[in-house]
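Please look over the aromatic rings in this entry. The notes below go point by point.

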Amino acid sequence: MEKFVYLFHEGNGNMKGLLGGKGANLAEMTRIGLPVPYGFTISTQACNAFYEASKTIPTIVEVQTLEALARLEEKMGKKLGDPKNPLLVSVRSGSVFSMPGMMDTILNLGMNDETVVGMADLTNNPRFAYDSYRRFIQMFSNVVLNIDTYYFEQLLEEFREQKGYFTDPEMSADDWKEVISGYKGIVKKHTRKDFPQDPKEQLFLAIHAVFNSWNNQRAIVYRRLNKIADHLGTAVNIQSMVFGNMGNDSGTGVAFTRNPSTGEHVLYGEYLINAQGEDVVAGIRTPQPIATLKEEMPGVYKQFTETCQKLEQHYEEMQDIEFTVERGKLFILQTRHGKRTAQAAIRIAVEMVEEGIIDKKTALLRVDPDQLNQLLHRRIDDKFVKTVLAKGLPASPGAATGQVVFDADEAEQLSNDGKKVILVRPETTPDDIHGIVASQAILTSRGGMTSHAAVVARGMGKACICGCEALKIDLKAKQFTIGDTLVNYGDIITIDGSTGEIMLGEIPMIDPELSDEFQLLLAWADQERKLGVRANADNPEDARKAFEFGAGGIGLCRTEHMFMDLKRIPIVQKMILADNYNERMEALNQLLPMQQGDFEGIFEAMQGLPVTIRLLDPPLHEFLPDKEELLVEVTKLQILDPQSPELKKKEQLLKKVRQLDEFNPMLGHRGCRLGMIYPEIYEMQAKAIFYAAATLAEKGMEVQPEIMIPLVGHVNELKDMRKLVIDAALLVQEETGKNFKYTIGTMIEIPRAALTADKIAEEADFFSFGTNDLTQTTFGYSRDDAEGKFLQAYIENKVLPENPFAVLDQEGVGKLVETGVKLGRGTKPSLKTGICGEHGGEKTSIDFCYRTGLDYVSCSPYRVPLARLAAAQATIRHEQNKAEVYTTA
């Protein structure tokens, strides 16, 4: 018989695929003797069986659940539903990969009108018992019965105001009885049924709801965002309840073994006296720093710090721990690898190596390359004298400016319209996930450093401030006040998630600096990686930034970007519109010294490292006036001023534009086709490169130009263009008396080039795979049209697993890259190969490049550190895999 349910002592930390992350960690903590409230886990396979059975719990799962429940009752000496000695349990989701707040949790299950009386008698604390009951009704009604929490919160708030209370602990048992009666009325009104009293019915309804929450909207969005597979399912953890709301000797909290924002090796977290865990995580009440627990309960604090150290040493990783203190006794409810900022991830990884907990290779694998983007963006300029409106908790570092919005849907809508927004809420809930994704930053008036907003923002690398109590938010009026300052919907604010400061208006920001730990980690990465990392840079400024970030050269310098300068466009247009060779040469002679200056600046910035320069590759229409606008201007002049000399000029221009007009410019007269028809254009560029090399040789600087011929589809194109470049080099060498080294290669961006790479390699010193165009030509997609019209729907409907322009399509485009490398090196074993499309800065594509045997990847300057780390990870992972295969064999 297939086993679907596991008692905690039957599992261990290696069973995450079956028990989910939470269940596996509860089992592991039980195994190593930590104070874990006892329970059992219903496996992820049961979740999949639930969906296969059209969202019904299979009988075998029900039977095994009841058997495990009986074992739990025996272990605890209590029974679910026993009026005199009731067992209460929590029902929590637990996916394989951590998805904080995305799925559902129910606490205090087993409470009803009878067991609440038993709990009051047993604990001699009626207030606690009825508080627990009202919490259960509210949570169960929301999660299982789909009644919005708002109705319960509104009733509670009105009741508190009526009684003159400010906080929940002021409420008496009789107060809670009145609230419970009101809550039951809400349930009856919305469901036309009484609140369920049978604890076993409650249990199976809760299990059903947790399984169902695997496919709620926020969980789907989170999985898509974090690339978590849909088929994994969630486990369900049934655990005996412990209570942090039994008085001032009880409490609950969340703590990290190190600071998740900075990485500092100090215990970091929060707790609330006389509260349950959801109060901390949901941000309903603003908690106290964990350090103050030392004064309140010194014995518990000492035991907790020792437990934290034990867990970190056991898992060899920073832990995020949920705990409850019940009448002075500590219980650990959960541990998991803590989510952290990029800054913290780097510091923790480096310091754990220095502390002897992990080795350098493990440290490199601990930092997600995608996170590094957090460290490579701008921060508030310290020189700016800022006026701080208020200060909240610095929940996630970084700074951001944007328009104030108060609703997640509005945030998403404005973001789609190209606006930068900051989401302002009393607190966020998992339902706000789409708004958080769309926003530059998040600001809340309630909640702490471990609230939903804080955890999710840190994971996404977004700035976040929580618990800013000076913030008075009016959601209906769409405005907030801080003291006498009123801020309306759409107003611009700036927040600094590193300091917790909120400021009006836009504030200047500056470029980031890389920390010593970051530099050290990247130095370790460079020692490990076998794949080179270059940058795409089209000007000296980008080249300098690339050099600063550790690029090993320029993998793509797009010369057409140099022509986009406003001062140059008239000359470029003159070149394109020239009626004869002499007119064209006149324009080219003006452009040559400009190009030479461009190349000199880039060569100097790269200090002798190789620079791959792609000769001109624009669709020509990008440089010309818009045909429709020109037609309107001509028509106006024909009507208003038919004798105008300007009309004749514009008519000639329109005629030329029409001649050059193409139905599909991306596949038209561009790339090497331009050089084949107008060789003087490529000759000018080649001369400019070699004149630049000769000038720098005068200064004693050696340069390594690599001249790339774009859009080659047939070897004869490359053959002709190679001869043109060699002739230009000989001419400049003869003229200047300087010798220089250079290579000539091509960009493989057309399927035919990949399929005939053996022939093309005869004329090439290197291949650079232009995977942007190769993806377009392989799929037959126009990128601009595809992304704007149907590509997102394809991804959402799982027609495609990823956007192929963001993540390399390894099955299709990847096969062409593999074929090109294999055929090219078959002809020329020493052929250098690289990739220069945007995929060169994406971690899974970098892994593919390593496996395919490329020599380097090239990406934007700001992604160079990411690529260095991802290249090291690819090397380490595949060497480990080889070692495992060897050992197994």
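1. Start with the rule for ring pairs. Rings of Phe, Tyr and Trp (its six-membered ring) pair if their centres lie within 6.5 Å; planes under 30 degrees apart count as stacked, over 60 as edge-to-face and the rest as tilted. The count by this rule is 19 aromatic pairs.

2. A note on the source. This is a predicted model, where local features need pLDDT of at least 70, side-chain atom pairs count only at pLDDT 80 or more, and totals for chains, interfaces and linings use all residues. Residues are numbered from 1 along each chain as its sequence is written, and side-chain values use heavy atoms, with hydrogens and water left out.

3. Take Phe136 and Phe140. Their ring centres are 5.4 Å apart and their planes stand at 55°, so this pair is tilted. Both belong to helix 5 (residues 126-143), four residues apart, so about one helical turn separates them. Helices here are DSSP runs (H or I, at least four residues), numbered from the N terminus. Phe136 and Phe140 are both buried; that means under 20% relative accessible area, with exposed over 50% and partly exposed in between (1.4 Å probe, protein chains only).

4. Next, Tyr781 and Phe790. Ring centres lie 5.2 Å apart with planes at 75°, so the pair is edge-to-face. Tyr781 is buried at 15% relative accessible area. Phe790 is partly exposed, at 28%. Ring pairs join Phe779, Tyr781, Phe790 and Tyr794 in a cluster.

5. Finally, charges over rings. The rule: NZ of Lys or CZ of Arg within 6 Å of the ring centre and within 35 degrees of the ring normal. Lys75 lies over the face of Tyr38, 4.9 Å from the ring centre. The charged end of Lys478 sits over the Tyr489 ring, at 4.8 Å from its centre.

Note on methods: Helices (H or I, at least four residues) and strands (E, at least two) are DSSP runs, numbered from the N terminus.
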